[in-house]
Amino acid sequence: MSDRLKVLPQYLMPKLAMTRLAGHYASKPMGGVTTSTIRRFVARYGVNMAEAAEPDITAYKTFNDFFTRALKPGARPLAQAPLICPVDGSISQVGRIQGEQVYQAKGQTFTTTALVGGDAQLAARFTDGLFANLYLSPKDYHRIHMPAAGKLVRMVHVPGELFSVNPTTARGVPGLFARNERVVCVFDDDALGRWVLVLVGATIVGSMATTWHGQIKRSGPVREWDYAPGQVTLAQGDEMGRFLLGSTVVMLFEKSGLQFNPAWQPGGSIRMGELMAR
């Protein structure tokens, strides 16, 4: 069966209703039901609770508290590199942007303009630059950290679809990452210039949040927040956001002499803090 046929049911599913329902229950303290749900989840996905700052499953009041759990200090040492990996997960694709075309999977692409919500002037800065699409599965640590230092310039919430972002869907849904709901975070850095980190929503992802704004609520058309110079400045490795259930991060960087870690290949596992590019 082709990937397009496999994902066909997703076009018919009430994805928004399912996501809202999941988000409601995931944020609700339900005592023993919550603990039992977490216990089953840990067993099914092989979650490593030994590295969690709070390894006791019964200490989590809601499923979201567990899902966005912190790690023990030192669990993710930071490499000495201009770019470090911002998440635990796996590599969907990495490489060079071809003009404004970003490779998604199996012949599927999307444009930088579409990804950032239609801002062609911003997208033009990444012509022939670098991109990385990183997938966070349910078992992964779901806090997102800064791959490099950055001064926040703008944040844009772009409403959209809520398709799954697993590898099969990435192969089967055209323009998936520029089609789903997303939060576009635009940064400036003295060494890297302007760069973008995009949090991509998905089915059952209750919400997305950033450390400076909190939870980004789903409402209305495209919304944009501008930030004064120095209002929000984050160091490399700082936490910048989190997913409530698994999804994907897409990053865009301006054309430069940076080269991705040669060990980074599609499908490979990655950990937050490891060397991403030199």
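UniProt, in an unreviewed entry, places the feature "modified residue: Pyruvic acid (Ser)" at Ser247. UniProt positions follow the numbering used here, with shortened feature names, and annotations may be inferred rather than shown by experiment. The model you are looking at is predicted, so local features need pLDDT of at least 70 and side-chain atom pairs count only at pLDDT 80 or more, while totals for chains, interfaces and linings use all residues. Residues are numbered from 1 along each chain as its sequence is written, and side-chain values use heavy atoms, with hydrogens and water left out.

Serine 247 sits in the loop between S14 and strand S15 (248–253); helices (H or I, at least four residues) and strands (E, at least two) are DSSP runs, numbered from the N terminus. Serine 247 counts as buried because its relative accessibility is 0%. Here buried means under 20% relative accessible area, exposed means over 50%, and partly exposed lies in between (1.4 Å probe, protein chains only).

Strand S14 (residues 239–243) is mostly covered, with four of its five residues buried. What joins strand S6 (residues 143–145) to S14? Three bridges do, and the two strands run antiparallel. Strand S10 (residues 208–210) is also joined to S14 by three bridges, again in an antiparallel arrangement. Two strands are taken to pair if DSSP finds at least two bridges between them. Glycine 241 in S14 is a handy landmark: isoleucine 144 stands opposite this glycine, and threonine 210 stands opposite glycine 241 too. As background, side chains in a regular strand alternate between the two faces of the sheet.

The side chains of glutamate 239 and arginine 143 meet at 3.2 Å, N to O. This pair links distant parts of the chain, with glutamate 239 in strand S14 and arginine 143 in strand S6, 96 residues apart. Both glutamate 239 and arginine 143 are buried. The rule for a salt bridge is a side-chain nitrogen of Lys or Arg within 4 Å of a carboxyl oxygen of Asp or Glu, and by this rule the count comes to eleven.

Another of these bridges takes us back to the annotation. The UniProt "active site" annotation, from the unreviewed entry, covers Asp88, His145 and Ser247. Aspartate 88 lies in the loop between strand S1 (83–84) and strand S2 (89–96), and its relative accessible area of 5% makes it buried. Its side chain meets that of arginine 76 in a salt bridge (2.6 Å, N to O). Because arginine 76 lies in the loop between H5 and S1 and aspartate 88 in the loop between S1 and S2, the pair ties together parts that are twelve residues apart in sequence. Arginine 76 is buried, as is aspartate 88.

Aspartate 119 and arginine 154 form a salt bridge through their side chains (2.9 Å, N to O). Aspartate 119 is in the loop between helix H6 (112–115) and helix H7 (120–124) and arginine 154 is in strand S7, so the pair ties together parts 35 residues apart in sequence. Aspartate 119 counts as partly exposed at 26% relative accessibility, whereas arginine 154 counts as buried at 15%. Asp119, Arg154, Glu224 and Asp226 are linked in a network of salt bridges. Valine 156 also belongs to strand S7 (residues 150–158). The C-alpha atoms of valine 156 and tryptophan 225 are separated by 6.4 Å, although these residues are 69 residues apart along the chain.

Now for the aromatic rings. Rings of Phe, Tyr and Trp (its six-membered ring) pair if their centres lie within 6.5 Å; planes under 30 degrees apart count as stacked, over 60 as edge-to-face and the rest as tilted. By this rule the count comes to 13 aromatic pairs. In one of them, the rings of phenylalanine 41 and phenylalanine 67 have centres 6.0 Å apart and planes at 75°, so the pair is edge-to-face. Since phenylalanine 41 lies in helix H4 (residues 32–45) and phenylalanine 67 in helix H5 (residues 63–67), the pair ties together parts that are 26 residues apart in sequence. Ring pairs link Phe41, Tyr45, Tyr60, Phe63, Phe66 and Phe67 into a cluster.
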